[in-house]
Structures are given as structure tokens and as C-alpha cells.
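Student: I would like a close look at a single part of this model, with its surroundings built up around that part. Could you take me through that slowly?

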Amino acid sequence: MRIGAASFDKVHYALRPAKQVERRMFLDTFIRLTKLGFSISNYHYMGMGSVYFVDFAMFHKHLGISKMTSVELEASAKKRLEFNKPFKAVDVRTGDIAKYVACISPDEKYIVWLDYDCVLDSDVTKALKLALTNLSPGSILIVTVDAMPPGGDGPPEWKEHFEDEAMPYLWLNPKTEDFARSKIVEANIRILRSVIASGLVGRPHVDFFPLFNIWYQDGHEMLTIGGMLATDNERPKLNQIREEQLPFITTKLTTRPYQIRVPLVTRKERLSLDSAMPRKDKKWKPEFRMSKKDLDDYERIYRYYPEYAEMYL
Amino acid sequence: MPDANAHPKKRFFIDMFTRDISLEECILDLLDNSIDGVIRSRGISPADISQSIFSTTRAPRRRRLPTIELTYSQKEITVKDTCGGIDYDYAMEEAFNFGHSPESTSGHLGVYGIGLKRALFKMGNYFSIRSQTTENGFTCELDVRKWVKDDSSLDDWKVPLERISGTSSAQAGTEITVTRLHDEVKMRLQDGLLETALGREISVTYAFLLEKYVRVLVNGEVIRPYDIPLAVARAGKVQYEELSPAKGVKARLYASIAATDDRGRWPVDRAGWYVACNGRIVLDADQSALSGWGVPPMQKFHPKFRQFIGLAFFESDDAHKLPWTTTKRGLNKESAVYLRVRNKMASISEPVLSYLSDLYGATRSDEEPVDKEIGTLIKRVSVGSVTSRRRTDFTPPKRKKSTKTSVQYDVEKEELEKVKKHLRRRLSAGAVGRHTFDYFLEQEGIS
């Protein structure tokens, strides 16, 4: 069980550029999936909208999704959540998302984003496993966790956390080194993979077709794994997503996730960079100094890069 | 190439396969055998049994039910039924085989072709069987010790039957008597607790069959069917799901709130999962990992879940496909059918468990939760009346927030004694805490 401040008390959602890039990547993917024959606009979106509902606004406006459920852990925040919901169509619920995931209708297709702001724990694995048990084929399931080390001073304590919270999903004889600072992301991925496999036991014709395996750092390191529950009906269509040239799409859940890096550039620099994108000539260089790595990273995300400006109203 | 001898030995067989089964299970095996007779002779299908469980209308009471009478003493165990009997040809070809031949269809409850033999060998050294259908019949007597001695070739694996004539349909049935009981069986039978335990076992195991298809008497007493205490929370609905985990197998799952017993309480031992295969309960009030407790995503069983009732019904014309074990008291964990259903069981439990958790708040696992206002929130229902419901949200009612919280801390025993002595009163540690707290409130003028 998590104790502590609700995540919306920690940071303003809109001001996390990498997270916003990630949301836009999802949006882009869903648009491609629509093109490939998935009627995403009829999907039911279940997420954790917090008080900002950024993802809800995006998916409603750009994808036309109108069946939406937002679940927030803090029951005491219900009034505030209701007040802040951007559209009437958003059904706001409070409590552990697990119980709502357990009631998912087998006749509907869903996008479920278990968008946690905390480190992986038993609540995360529970909700994820229940989602895998219940989601109908064609549904999309995404899980995001904080991939920083959990509480405690070092690998022995971190190992303890994962043993307490995710024991059945750990590998045989976990060692302290497996939870070294540099291995925490890998450990998270391995656990999530194991939850996915375990959630699909009993559904012999359904497998998890990975689409996202994303890692980024804005303030905190976050890890996202996502994909579609696919049968022979969905797989041929889904396979075509590879041809869509989306650099962040990963069809394998390896322990080396795709990294979103958002280089810091000024507004003026940005305008100049954008005018050269996408680069035809890879040798092209901006008029100002920018490392090759930053330039490459920028090219990968410029389409998703949010613009923030202060407004006086 | 010469072949090595791989013949079975009777002694080995009898020793091995009677080892892991209890006397109660043996007796249930004999009852299964009789009930299969009813099913066979009256052409009842597993679907009919399900129908009777899930129909909302009460089945008309049949005046004359086939009966099974179990009686036992220190000398003998007898099971006598009017369940239709065993056909002579079937007895010759199948009934005494160890296992069923591939082309034979197994019974609905007797699956593995082992229960009857195992039960007889387990209980005593001499048995006699007399069975009559409306067509024909047979008798059989076997001195087990003698039979074991003749074991030079497979030709000795025979049981002599004598053909007799048939009888009226009201009389058709089987009588099995086991004598020269084994010492350990005699000791068990002497135990005064056995009768009650056996009665409960029978009542639960055949909860969906007793008084509908068959009547069972133990030493002359009619066993009433166990009433699974299913209720519906007024705030929620029964969680229900139907699926087909394999070809020809149907599974129906329910999760809901338990009804109270006659005294308005929820005994912990009635809560948990009930699993039935073809109408026979194989797991009752299970609170172990077998039905998923403590296996993620399900939590470990906790006393606050004593209001949880889960029901899983498996049904198939081919009993081999069902996930029961040979003792039919438990689930085969490796059964693909069960594996396909287990995550679903956890899933439909979740809203009910989270409802109960919400009602009780966080309770320490070592303390007995107090029954709360839940009693006014439920109404008792029959399994049949909830079948058509789809699963929906299970929203707990708004409850008043408690104005109280508990204060706990550790003190040195010596210090506690000092305070007690100072107060010159014999108080419990809790009362001392309360007293000192009140003292503070008073002295600070904030009470």
C-alpha cells in the first residue's frame, strides 16, 4: 500500500516535457493504429487522470474517444477531481484502480493506462495482472512506474522492497547486484514482463504484442511498457505498425528501453532547428553550437516536443 | 531380444493406491458410485444438474428419491442403495478394472475407474457385492488376502462374479458390505467425531444433489444438503462470469457476499471458494493457495474476508476434462482447464474483496475484525437467482467515518508497574494508558 502525497501534489503534469512527449507518442501511435484498421475512437479509455486530465483531453480531442474513466486513489479528492474534469463524458472514480480493472467488460475494447507515479509495488502488479486477465483482444494496455530506486539506502534495501512487493514475479535467486543503481530499470522490466506472462496464463490464444518500452527522466526516471492484447485477428494488422517509421515503437520488451531525451533549446534555436527538420542531409549543422547527440535526440522528438509559454490572463 | 517382466503385483497395487486416501474419501467414493448409478439409470446429464442449480424455480419435490444407506459398526461397513444397480456386462468388462478402457464412457462422478476398488481394499479384507438392475444382476464375494496370494500371472487378476436375475425398478440397486475391517479403520469408526464429520462432508460434497436426485442416510439419519450461504450486497451485484476453458467444458464463476448463519454471524470456516465439478463439490470454503488466495493478484485470506463467497462450477459430459484429482477433494493445479479459469477467479473476486477491505479499513491480520453494519447491507439469495446478472461495479456504500483512532506504544514493564502501584488500582495495561491519557486531558484543561 502506498502512503504519501497524491501525485498531483508533487508536480504540475503539463510541465513535464518528457512525459508530454510520451503522451504525444501514444497519440501518434493510436492514430496509426486507426489507419491500420483499429477503431480507436470507439475504445474506452481508462486512465489515472489526476486533477489535470491531460491525457483525457488529448485522447478525446484528437482521437474522438468518448467513453472515459479516470481512477484516482485518493477518495478524499473526489470533489476536486469532479470539479476539474474537462468533459462531462469523463467518469471519475476513486479507490484502487484494481477493482475497476477487475470489472472491465469483455465486450468492449479498452485503452488502459496504469499511469502510476510511484515505484513498482504489489498494487501495480495486481492491477496489471487483472487487466491482462480481463482485457478483450485488441485492447491496449500501458503501465508506467517510477523507475528510481525505491526507498532505502542501497541495493540491499532496494532488493528487499522488490522481494516484499513483487516476490512471485522475481527470477530465481535474486542477487543484490541485480538491484544495483544501474540495474533498477532492468529489474523493473523483468518484473513487469513476468507479470504480463502470468496474467495471460489461461488465455492460450492471446498474447501481449509490445509497442512501447520507454524510459525517460524528467525529475524522476519513469519507465513505460505498453502493448496490445493480440490474437490471430489483430497480429497481421499490428505487424504493419513496424512500417510506420515510428522510432519509438518497440516490438520486443528488451531490458534496453527506448529513451526519450528532450534537449534543452531556446525558442529561437527551436525555430531554426525545426526549419531544417526532418534532415535530408545528416551532415547539416545549426548556426549555433549543438552536440551531435543533442541534434539526433532532437530530431527524434521534435514532432512531439511540447511548447510552453507563460500567458498573462 | 528377451523381455524383462513388468507385471504389476497385487500387493504393491493395494498398498500403494490406498495409501493417500482417507476413510471419509473412501466412503464418498462409494457414494459417488451409487450416485453414478442414478445418473446412468435415469439418463441425467451434467447439463441437467446445472440446470437444477441455476434455475430460479424450485425443483418439484420428488416423492420417491433413490436412497443410499450407509451403516457401519466395528464389524462391517455397508452401503446399500436403490440407485439402479450395475449391469452384469458392465461389471464383467469395466467395474472391476483398474481404470476405464479407452472406449468406455466414464461416469459423471466416477472418473478414473479407481474409486470403488480403492475404497474396498482400503477398508477391509473381505467384501461382498450384490447388484441388480431391472435387466440382470450379479453377486461377488472376495477374500482379499487369498486373492493377493494368487498372483503368478495377469490371469490371476480376476474377480469372480455370479450372474443373477434382475428386479423391479424400485428395488434396483447395489449393496456393498465390507467385513474383516482393517485395524486402523476400526479405530477411526470408533471415534465419536467421525459420524458428524462424515455427515458434514456428505452434506457439502453433494449439496447440489441431495434431496433433488438422491437421499443419503448415515446410520439411519437423513443428511440434509448444505446451503451455500450466498447473499448479495444491496450496494453491489454478484460478480458473474461464464466461460468455456476447453472444448466441451463450461465454467461458471460467481463471487459475492456471504449470508449470515442462523445466529446472525459469519463463521470464518464457511467463507472462501466453493468449487464443483458436475454438481459434486470438490473444494469447499477454500482459503488456500489452491483457489488462488495469496497467489497474486489475490491477497492472502484474512478474517475480514469471512464474508466472501466464491463459487466455481465446472461442467462437462466428459468427466476426464474436469480439473478434479483422483480423490475428488481438491483441484488439479496442473489442469489446463483450471489454469485457464484461475486468473478469472481472482479477477471476479477483486471487487468483492476490495469492498470488504473498504468496509473494514486496514485491519491487522492477527485481530478478529468486528462485524460491522454489513449485516444490514445484504440479502440472502439462492445461486439460481443470480445467474443472469452481468458483472458490474461493486461500489461500497458510504460509511460514516469513525471518530476514533487507536493509540499504541510500548513501555518498560517496570514503569507500568510503577504507575499501577502509584494508582493503587489493579488495572490492565490498556486501562493504564487510558487513565494517563485522560489525566493529561484533564490537567491541561483540554478535555
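Predicted model: local features only at pLDDT ≥ 70, side-chain atom pairs only at ≥ 80, totals over all residues.

At its relative accessibility, does Y274(B) count as buried or exposed?

Tutor: Y274(B) counts as buried, because its relative accessibility is 2%. Here, buried means under 20% relative accessible area and exposed means over 50%, with partly exposed in between (1.4 Å probe, protein chains only).

Residues are numbered from 1 along each chain as its sequence is written, chains are lettered from A and ligands numbered from 1 in the order written, and side-chain values use heavy atoms, without hydrogens or water.

Let's start with the rings. Over all chains, a search of the whole structure turns up 25 aromatic pairs (Phe, Tyr or six-membered Trp rings with centres within 6.5 Å; stacked under 30 degrees between planes, edge-to-face over 60, otherwise tilted). One of them is the edge-to-face pair of W147(B) and W157(B), with 6.0 Å from centre to centre and 70° between the planes. W147(B) belongs to helix α6 (residues 144-149) of chain B, whereas W157(B) sits in the loop between α6 and β5 (162-165), so this pair ties together parts 10 residues apart in sequence. Both W147(B) and W157(B) are buried.

Your tyrosine makes a pair of another geometry: Y274(B) is stacked with Y226(B), at 6.1 Å centre to centre and 25° between the planes. Y274(B) is part of strand β12 (residues 272-277) of chain B, and Y226(B) lies in the loop between β8 (221-222) and β9 (230-233), so the pair ties together parts 48 residues apart in sequence. Helices (H or I, at least four residues) and strands (E, at least two) are DSSP runs numbered from the N terminus.

A231(B) is buried, with a relative accessible area of 0%. Between the C-alpha atoms of A231(B) and F308(B) there are 9.6 Å, although 77 residues separate the two along the chain.

For S131(B), the bridge partner in β6(B) is T174(B).

Now let's step back to the whole of chain B. Its secondary structure comes to 11 helices and 15 strands. Of its 447 residues, 50% count as buried, and Y274(B) is buried as well. Among the contacts in chain B (heavy atoms within 4.5 Å) with a separation of 6 or more, 73% come from residues 24 or more positions apart.

One last stop takes us to chain A. There, ring pairs link F26(A), F30(A), Y45(A), F53(A), F56(A), F59(A), W113(A), F212(A), F248(A) and Y304(A) into a cluster.

Terms used:
Pairing = 2+ DSSP bridges.
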